[in-house]
Amino acid sequence: MRRKFTVVSAMVGALALMTLAGCTTDPNVAAPSAEAETTEEAVEWFDQALFDKQDAERDVVPEGPEDQPWLQYINAEMVDTSSFASEGAKKACFANASISNPWRQTGWITMNQQLKVLQEAGAISEMETRDAQDSDDTQIADIDYFINEGNCDVFIISPNSTAAMTPAVERACDTGKPVIVFDRGVQTDCPVTFIHPIGGFAWGIDTAEFLIGELEEGDKVVALRILAGVDVLEQRWAAAEKLFDEAGIEAVDYFTGADPAEIKKIISDELAKGDVQGVWMDAGDGAVAAIEAFEDAGVDYPVMTGEDEMSFLRKWKETGLTGLAPVYSNFQWRTPLLAVQKIFAGEEVPKEWVLPQSPIAAEEVDEYLALNEGMPDGHYAKFGGEDLPGYPQVWEERVMP
Amino acid sequence: MTTVTEAAPTTGERIAALGRNLISPRGAVFLLLAVLLVAITILNPSFAEPGQFIRFIQRVAPVAIVAIGQYFVIVGGEFDLSMGSVVTAQVVIAGNLIGEDDAKSIPVLLLMLAFGALIGLVNGLIVSFLKVPSFIVTLGMMLALLGGVLYWTGGAATGNPADNFREIGRGGIRDLPVIEILPWSVVVLAAILALAIWFSRRPFGRTIIALGDNATTTGFAGARTWWVKTSTFVISSLSATVAGVLLVGYAGVHPSVGRGYEFIAITAVVLGGVVLGGGRGWVVAAVAGAFALEALFTLLNFAGIPSTWRDAVQGVIIILAVAYAATTFRARRKGHALEAPASHPSPDASQTSPETANQTSPAPGAKESDDPSSARPAAIPSSQRADNETKGGS
């Protein structure tokens with residue numbers, strides 16, 4: 001009896017540890033130097049220089065075609081790609097971090113429709129994709145597989161994490177073939193182009209300025225954060241926290257894992273403690289649960305920032321609350337493939353391709369709701385695929401390619 | 001068999017007995033729960049208002065129901081690690097199949113119950129007939145279900161189902177005096193708890209405990225052990241299904257709903273003094289364990305622990321609480337913690353005669369959970385506990 005008890009307890013403990021370990025995003029496989037840098041970052045995500053840069057970029061009128069935001073760029077330094085110019089359809093190899101959240105899923109659908117256009121145009125023969133399912137180790141293996149056996153003409157990488165992926169991206173660069181990185185960054189400038197919207201600090205500034213403008217000093221804001229340690233998310237909070245602090249807004253943050261049950265408990269407890277005037281989110285996933293918690297408690301709606309996800313936009317409209325939908329431009333999923341076309345045509349591309357990123361304000365909600373009327377709740381309003389084949393059925397059916 | 005005093009107990013003895021009960025492993029969880037609730041109320045007096053408190057019970061209901069299911073599996077000597085993933089799968093099924101169509105609510109609900117029962121049946125039959133440890137079977141089931149959910153949803157949320165389906169977890173009987181609203185979740189929890197208490201006093205329920213204590217003797221006593229064991233897994237999967245239905249209403253559809261529920265349930269059951277490995281435990285204490293855990297999470301919210309610290313603080317408190325339950329339990333088995341040792345043989349002496357103890361060993365376990373009032377340590381001779389220990393696995 002006793003022995004069984006001990007053994008069984010040990011097994012439960014071991015499994016619990018395994019489960020916890022499985023959730024970590026720690027880049028164990030990175031080179032020692034890269035790991036040291038992550039640790040430093042973990043202590044302080046706020047970066048004044050980057051904050052100022054992104055703050056300024058919010059007001060810049062982007063260059064490029066006016067009706068195609070996915071081809072626009074801000075303050076670009078162009079690079080010459082004539083050395084890559086060549087004829088014929090090319091094979092693209094895409095190492096994707098994951099499609100495990102609605103934002104990535106929407107982008108992934110858009111990317112595949114863009115691919116069809118470029119295949120018909122004869123620019124790309126095929127795209128081989130490997131999905132790392134949120135694992136650094138898997139993505140490193142994926143990139144190495146592409147380098148050694150993929151027979152790739154161009155690498156497209158959407159990194160799972162910044163530090164851990166840097167050596168693998170450098171190895172891809174060493175092949176001499178063009179490398180395109182988008183969304184999350186890496187700590188090397190070897191890729192031909194790095195495509196991303198303005199960034200997390202801009203998100204934090206937009207949202208915090210909105211809440212500060214709507215609220216008064218001493219008001220309370222509950223910040224709901226998905227997870228720790230991802231730079232684009234940490235930067236959103238770092239900027240917002242700083243601005244709240246300066247404006248005398250009391251902000252308390254929680255990690256939710258986007259679990260609506262967790263979000264509801266947190267809001268209920270905060271409402272039991274005292275009044276909550278504002279809700280800030282680092283991503284819109286779970287926004288509906290947060291709003292419902294206010295309904296269930298029978299109190300006034302908060303001033304709230306969510307994201308341009310349809311579920312939030314619909315709930316926003318339905319409840320009439322005071323809100324803002326910050327945008328992490330989903331249309332960026334089209335840009336890497338268009339960059340492939342430009343690079344093999346020898347056209348110059350921005351070294352750092354900063355795409356525009358502007359929030360949806362109250363007066364624009366109706367317009368975006370009408371544009372995306374039949375779309376599912378997980379769809380993102382600024383997905384930028386209205387001119388692609390299959391619109392709107394492909395996004396409405398939302399079948400993962 | 002008894003150390004009960006002949007004379008009627010004096011008031012002092014009664015208080016002492018109550019005190020012993022509260023620090024005994026079965027009582028410890030109630031003491032912990034009371035301490036936590038008082039701490040929360042001190043930090044935030046409005047928590048004690050009936051309207052707030054009923055909301056707290058509503059929130060705990062899914063976890064408590066999962067803990068009830070896990071209790072039957074654990075007391076029967078096994079584990080069910082697939083409960084959290086069953087919750088997740090049911091939440092996703094409800095979200096995807098019901099959609100905005102009210103008429104589908106009932107058929108899909110029936111489908112979910114059938115699916116839950118099937119999962120439990122598969123778990124139970126594999127454990128019973130293929131003799132695979134339940135730890136592995138249900139771990140495999142967990143991965144299979146999570147993989148299925150990932151395949152189906154791609155890991156992201158779909159839309160919420162129709163509002164009338166969500167009413168079970170979100171709504172309740174409104175406009176009542178004092179508590180304002182009686183959430184359906186609370187009604188469901190009360191019904192399931194009553195059912196569980198009744199069931200565990202039935203012969204079948206006692207057989208589950210006997211099975212967890214000693215499967216061989218239970219088999220010789222004429223019980224169909226495979227069916228008893230399988231039914232515990234069916235019970236746990238069905239309770240996970242009910243929790244899933246409540247969570248769809250309470251929270252909404254997301255693939256992260258239900259994540260970690262199996263460990264919260266196991267922790268709740270262990271906090272409730274139920275012995276891992278089976279044979280001893282009380283279902284009400286397991287539910288109290290679930291309440292204590294949720295109260296702990298709430299306390300951390302109220303205390304304003306920084307988000308980066310929260311998990312660590314939570315983990316340490318849970319380890320301490322479970323360690324306390326385990327040490328008091330061990331001490332009690334050795335017979336010198338909570339009662340006078342003089343009237344009993346020492347553990348050394350009893351080790352010399354394990355045969356006599358083996359003949360009676362299932363009985364105390366089975367009886368113990370029948371009647372909470374007999375749960376006092378004094379009712380069970382310590383010599384048998386010591387013998388159980390030396391048996392080396394049952």
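This is a predicted model: local features need pLDDT of at least 70, side-chain atom pairs count only at pLDDT 80 or more; totals for chains, interfaces and linings use all residues.
Reader: Why is Glu128(A) called partly exposed?

Author: A residue is buried if 20 or more other C-beta atoms, placed from the backbone, lie within 10 Å of its own, exposed if 12 or fewer, and partly exposed in between. Glu128(A) has 14 C-beta neighbours inside 10 Å, and therefore counts as partly exposed. Glu128(A) is found in strand S3 of chain A, a strand being a DSSP run of E of at least two residues and a helix one of H or I of at least four, both numbered from the N terminus.

Reader: What does Glu128(A) touch, leaving out residues up to four places away in sequence?

Author: With contact defined as C-beta atoms, placed from the backbone, within 7 Å, Glu128(A) touches Lys91(A), Cys93(A) and Gly150(A). The C-alpha atoms of Glu128(A) and Phe94(A) are 6.1 Å apart, although 34 residues separate the two in sequence.

Reader: What makes strands S3 and S13 of chain A edge strands?

Author: Two strands pair if DSSP finds at least two bridges between them, and the open sheet of six strands in chain A has the order S3-S2-S4-S5-S6-S13, with parallel pairing. Strand S3 (124-131) and strand S13 (352-355) of chain A each have a single partner strand, so one side of each is left without a neighbour in the sheet. From one strand to the next, the twist averages 15 degrees. Helix H6 (residues 162-174) of chain A packs on this sheet, touching S4 and S5 of chain A, and its direction makes about 150 degrees with that of S5(A); such angles run from 0 to 180 degrees between N-to-C directions, with axes fitted to C-alpha atoms, for helices over the stretch in contact.

Reader: How do you know that S4(A) pairs with S2 and with S5 of chain A?

Author: Five bridges join strand S2 (residues 90-96) of chain A to S4(A) in parallel, and three bridges link S4(A) with strand S5 (residues 179-182) of chain A, also in the parallel sense. Ala92(A) has Val154(A) as its bridge partner, while Phe155(A) stands opposite Val179(A).

Reader: Why is strand S4 of chain A described as mostly covered?

Author: Five of the five residues of S4(A), residues 154-158, are buried. Val154(A), Ile156(A) and Ser158(A) point one way, and Phe155(A) and Ile157(A) the other way. In a regular strand the side chains alternate between the two faces of the sheet.

Reader: Which strands form the open sheet of five strands, and which stand at its edges?

Author: The order in chain A is S8-S7-S9-S10-S11, with parallel pairing. Strand S8 (250-255) and strand S11 (323-324) of chain A stand at the edges, since each has a single partner strand. Strand S7 (residues 220-225) of chain A and S8(A) pair over six bridges, with Val222(A) opposite Val252(A). Helix H8 (residues 231-247) of chain A lies across S7, S8 and strand S9 (278-281) of chain A, at about 170 degrees to S7(A).

Reader: What makes the largest nonpolar core a core, and which residues touch the most other members?

Author: A nonpolar core is a set of buried Ala, Val, Leu, Ile, Met, Phe, Trp, Tyr and Cys residues joined through C-beta atoms within 7 Å. Of its 206 residues, Ile180(A), Ala64(B), Ala67(B), Ala286(B) and Ala292(B) touch the most other members. Helix H3 (residues 50-75) of chain B gives the largest share of this core, 15 residues.

Reader: Why is helix H12 of chain B described as mostly covered?

Author: Ten of the eleven residues of H12(B), residues 261-271, are buried, among them Tyr261(B), Glu262(B) and Leu271(B). H12(B) is followed by Gly273(B), whose phi is positive, near 80 degrees. In chain B as a whole, buried residues make up 51% of the 394 residues.

Methods: Residues are numbered from 1 along each chain as its sequence is written. Chains are lettered from A and ligands numbered from 1 in the order in which they are written. Two residues are in contact if their C-beta atoms, placed from the backbone, lie within 7 Å.
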